Amino acid sequence: MSGVAVTKGNPTPGTNDALVVLKGVNKHFGALHVLQDINLTISRGEVVVVIGPSGSGKSTLCRAINRLEAIDSGEIAIDGRPLPAEGRELAALRADVGMVFQSFNLFAHMTVLRNVMLGQIKVRKKDKKEAEERARSLLERVGVTTQADKYPAQLSGGQQQRVAIARALAMEPKVMLFDEPTSALDPEMINEVLEVMQQLARDGMTMVVVTHEMGFARSAANRVVFMADGRIVEETTPDQFFTNPRSDRAKDFLSKILHH
Amino acid sequence: MREIVFDFLEGYDLLGAFWVTVQLTVYSAVGSLIWGTLLAAMRASPVPLMRGFGAGYVNVVRNIPLTVIIVFTSLGLFQTLGVSLGADDFKTINFRLAVLGMIAYTSAFVCEALRSGINTVPVGQSEAARAIGLSFPQVLSLIVLPQAFRSVVGPLANVLIALTKNTTVAAAIGVAEAATLMREMIENEAQLILISAIFALGFICLTLPTGLLLGWVSKKVAVRR
């Protein structure tokens, strides 16, 4: 159980504590309406887990927050600033938003250490020595110190994903987005990644986690957002969601995944 | 025996001619690599005007025969427009014009080889790069192009070999490279087959090691995924 299990409930949009605010967000892929009038506010220090069936739009929601997917209408603001259009300002904002991908996406032509140093040097303009020190301490934090000089392809999936988390943390982000971080992992490697994420949550990092890991949702989340067919169907505490879901859609979803 | 057969070589600067071929190749290769990379960057860029220019350039230039381009540099650029590229003797002017023409032509092929390399880089690589706040030029120069180059060393070796042989077109504007000497020798000597064989061998000596070396480099730098 996480140490910050103080449940914050649903903070009202516009409070000082709001770090990520989505208002009336819509997104289409051709004829498919993948995000339908999404309103969501994530407070500083909050861990929000987004769950739902495949194709419900949860990954798109996650990617929209740092504009890897552009939205059709609505507003997204991070720390009070609306998401800028493509360009220098957007790059600056993305540096403040850490992202961890399903397929790790470590830079394949660079060593693990270089992967974690790159953003610090090129975006944060730190000098090499300082960047390397921070990179090494982050690699230690995620438990892959001995792999620092290897290339990503030489690491296991779990190790790669932990390096990817270190790479995102190196930017000192205000919020971390996790887009199904354990979905591409062998079962025995899922826990090592979840443990790193649990630790992050305990340390007070603001996190948006799209996942199928119900155990993680139960233990680390302050709030569960359940999505289906491009809408937020239910938004509540993990306890409430898993023991007493209100919507039929959520009941149906849980009945399919929990009884094995 | 040997002296009698190869007698006719006396008085011809075979090495000198091939040295000019090598120089043409090296200058043109470096220039095409730079200009071709810029063209590929333009074609991958989000700016429509740049994409349009890159696509237009490649599609026009690669469809014009090299001979036409080389002759144009001499007749059009130099004799009509007076572009002499900072040289004042004909030998240097023609050499530089030939290099310019070679670069203009070969860069279109370098660009297309590189572009196919860019397509081998998974989209997640540039997404991850954008996600840590790198700008478009940084994403391209730090993440995408280094990986693209590694995957197209083989195709670029083909372009380089083609370029080496294409330098013979510079004979059309009187650059004293290997093909110019070959023509001169064929006119003067009664050794058609032998002369052709010597020049063929000369080019193989240049291109075969290039291909082997770059084939080795290609394996060496391949990105493991």
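Me: What does the side chain of A:S56 reach?
Reply: The backbone oxygen of A:P53, at 2.7 Å. Keep in mind that this is a predicted model.

Me: And where's A:S56 in the fold?
Reply: In chain A, A:S56 is in the loop between β3 and α1.

Me: Buried or exposed, that A:S56?
Reply: Buried, with a relative accessible area of 1%. The cut-off for buried is under 20%.

Me: Which residues does A:S56 touch, leaving out those up to four places away in sequence?
Reply: A:V34 is one of them, and then there's a run from the other end of the numbering: A:M227, A:A228, A:D229, A:G230 and A:R231.

Me: OK, on to α1. How many of its residues are buried?
Reply: Seven of the eight, so helix α1 (residues 58-65) is mostly covered, taking buried as under 20% relative accessible area. The buried ones include A:K58 and A:R63, along with A:T60, A:L61, A:C62, A:A64 and A:I65.

Me: What happens just after α1(A)?
Reply: A:R67 takes a positive phi there, about 60 degrees. A:R67 also turns up as a contact of A:A85.

Me: Where does A:A85 lie?
Reply: In the loop between β5 (81-82) and α2 (88-95) of chain A. A:A85 is exposed, with a relative accessible area of 52%.

Me: How far apart are A:A85 and A:R67?
Reply: In sequence, 18 residues; in space, 8.6 Å from C-alpha to C-alpha. Leaving out residues up to four places away, A:A85 touches A:R67 and A:L90.

Me: Back to phi. Which other residues have a positive value?
Reply: A:D79 is one, with phi near 50 degrees. A:E180 is another, with phi near 45 degrees. Neither of those is a glycine.

Me: Where do A:D79 and A:E180 sit?
Reply: Both are in loops of chain A. A:D79 is between β4 (73-78) and β5, while A:E180 is between β7 (175-179) and α6 (187-202).

Me: And how covered are they, buried or exposed?
Reply: A:D79 is partly exposed, with a relative accessible area of 28%. A:E180 counts as buried, at 11% relative accessibility.

Me: Let's zoom out. How many helices and strands does chain A have?
Reply: Nine helices and 10 strands. The radius of gyration is 18 Å, close to the 18 Å that the globule rule gives for 260 residues, so chain A is as compact as a globular protein of that length. The C-alpha atoms fill a box of roughly 55 × 45 × 35 Å along the principal axes.

Me: What share of chain A is buried?
Reply: Buried residues make up 58% of the 260. The chain exposes about 11000 Å², with carbon and sulfur atoms supplying 47% of that.

Me: What about contacts that span the sequence?
Reply: Take the contacts between residues at least 6 apart: 67% of those join residues at least 24 apart.

Me: Last one: how far apart are the mean positions of the positive and negative charges?
Reply: They're 4 Å apart, for 32 positive and 31 negative charges in chain A.

Conventions. Residues are numbered from 1 along each chain as its sequence is written. Chains are lettered from A and ligands numbered from 1 in the order in which they are written. This is a predicted model: local features need pLDDT of at least 70, side-chain atom pairs count only at pLDDT 80 or more; totals for chains, interfaces and linings use all residues. Side-chain values use heavy atoms; hydrogens and water are left out. Helices (H or I, at least four residues) and strands (E, at least two) are DSSP runs, numbered from the N terminus. The radius of gyration is taken over C-alpha atoms; the globule rule is 2.2 Å times the number of residues to the power 0.38. Buried means under 20% relative accessible area, exposed over 50%, partly exposed in between (1.4 Å probe, protein chains only). Contact means heavy atoms within 4.5 Å. Accessible areas come from the Shrake-Rupley method with a 1.4 Å probe; for residues, only the protein chains shown count as cover. Lys and Arg count as positive and Asp and Glu as negative; His and the chain ends are not counted. The place of a charge is taken as NZ of Lys, CZ of Arg, CG of Asp or CD of Glu. A polar contact is a pair of N or O atoms within 3.5 Å; within protein, one must be able to donate a hydrogen and the other to accept it, and residues adjacent in sequence count only if both atoms are side-chain atoms.
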